[in-house]
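Open the model in your viewer and keep the selection panel at hand. The tour goes chain by chain, then to the contact between the chains and the core.

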Amino acid sequence: MEIIEESQSGVNIFKLNGRLDSNTSQGFEKKIFQAIDDGSKSMLIDFKDLEYISSAGLRVILKATKALKREEGKMMLCDMQDYVKEVFEIAGFDSFLTIVGTMDDALQAF
Amino acid sequence: MAKNKISFKLKSKLSELDTLCQHLERFGQSIGLSPKCIFEANLALDELFTNIISYGFNDNKVHTIEVTISHKNNKLIFNIEDDGMPFNPTEADTPDLECTIEECKIGGLGIHLAKNLMDEVCYQRCKEKNILTLKKNVKEAEPAKKRVKG
């Protein structure tokens, strides 16, 4: 999996490309927690090019969102393929994570 | 005509998730499954396989997990066999899905996903092996659709 990190208007953007599973989730966890340690308060994960997610990936997103909330930060997720979004819904995560359509929608909401 | 059954073996290593995905994609495409259906089957098998290799063995040996997938009468049937400790995922607790983010725990989520993505999950313990049989109803094969942004 490829993770591209960008910053736009003070928002840390993580663009995920490929498969987020038990093999790749640790690398993603390291990157996202490095950004939280570095003081990032606004985070956006772009799912546009993410083909696949398993519970290992959900776990990292849950953990990071909790950590960010403790720091009074904000996490948003955008541009999911329908079947990726369905995984968040089956897990019940859509009730407490903010999932929006496009990156522009997300950036305006910070 | 496309072959309607495949069997393959996976070693008890996380890197085998890629092998699982390759087999599923090749088989799924050959019988005309939709990308969504391949994705869901992949996720269910990933979660059960990851669970087996994470908790099923208490030695450091490499074990073999056997997978068979067949397609008949608009039904996909998956068979997963391992020689690990007895574990029946159909009896695993369902995570609390009504919880708040603070209360939310990740344990049991993988099995919950697998059960939801399949129409039937059966477990048997036979000859020192765990045997899982999963069934998924699929629609008639249809051409792959392009992603529609919504």
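Two strands count as paired if DSSP finds at least two bridges between them. Keep that in mind for the sheets. Note also that this is a predicted model.

**Stop 1: the sheet of chain A**

Select the strands of chain A. They include an open sheet of five strands in the order E1-E2-E3-E4-E5, with mixed pairing. Go to the edges: strand E1 (2-8) and strand E5 (98-100) of chain A each pair on one side only. From one strand to the next, the twist averages 25 degrees.

Now select residues 42-53 and 74-78 of chain A. These are strands E3 and E4; they run parallel and are joined by five bridges. Pick A:Asp46. Which residue is its bridge partner in E4(A)? The partner is A:Cys78.

**Stop 2: chain A as a whole**

How many helices and strands does it have? There are four helices and five strands. Read from the N terminus, the elements run β-β-α-β-α-β-α-β-α. The radius of gyration of chain A is 12 Å, close to the 13 Å that the globule rule gives for 110 residues, so the chain is as compact as a globular protein of that length.

Zoom out. Along the principal axes, the C-alpha atoms of chain A fill a box of roughly 30 × 25 × 25 Å. Of its 110 residues, 37% count as buried. Take the contacts in chain A with a separation of 6 or more: 69% of them come from residues 24 or more positions apart.

**Stop 3: the sheet of chain B**

Switch to chain B and select its strands. Here an open sheet of five strands has the order E1-E2-E3-E5-E4, with antiparallel pairing. Strand E1 (5-11) and strand E4 (120-126) of chain B stand at the edges, each with a single partner strand, so one side of each has no neighbour in the sheet. Neighbouring strands of this sheet are turned by 15 degrees against each other on average, direction ignored.

Select E4(B) together with residues 129-137 of chain B, strand E5. The two pair in the antiparallel sense over seven bridges.

Next, select residues 16-30 of chain B. This is helix H1, which lies across E1 and strand E2 (64-72) of chain B. H1(B) runs at about 175 degrees to E1(B).

**Stop 4: where the chains meet**

Show both chains. In contact here are 20 residues of chain B and 19 residues of chain A. On the chain B side, H2 and helix H3 (109-117) each supply at least two residues. H2(B) gives the most, with seven residues. By type, the chain B side divides into ten nonpolar, six polar and four charged residues.

**Stop 5: the core**

Finish with the largest nonpolar core, which has 60 residues. Select A:Phe47, B:Ala44, B:Leu45, B:Leu48, B:Phe49, B:Leu113 and B:Ala114: these have the most contacts inside it. Helix H2 (residues 35-55) of chain B gives the most to this core, with ten residues.

Centre on B:Leu48. Which residues does it contact, leaving aside neighbours within four places in sequence? They are B:Ile80, B:Pro89, B:Ala114 and B:Leu132.

Terms used: Residues are numbered from 1 along each chain as its sequence is written. Chains are lettered from A and ligands numbered from 1 in the order in which they are written. This is a predicted model: local features need pLDDT of at least 70, side-chain atom pairs count only at pLDDT 80 or more; totals for chains, interfaces and linings use all residues. A nonpolar core is a set of buried Ala, Val, Leu, Ile, Met, Phe, Trp, Tyr and Cys residues joined through C-beta atoms within 7 Å. A residue is buried if 20 or more other C-beta atoms lie within 10 Å of its own, exposed if 12 or fewer, and partly exposed in between; C-beta atoms are placed from the backbone. Two residues are in contact if their C-beta atoms, placed from the backbone, lie within 7 Å. Axes are lines fitted to C-alpha atoms, for helices over the stretch in contact, and angles run from 0 to 180 degrees between N-to-C directions. Ala, Val, Leu, Ile, Met, Phe, Trp, Tyr, Cys and Pro count as nonpolar, Asp, Glu, Lys and Arg as charged, and the others, Gly among them, as polar. The radius of gyration is taken over C-alpha atoms; the globule rule is 2.2 Å times the number of residues to the power 0.38.
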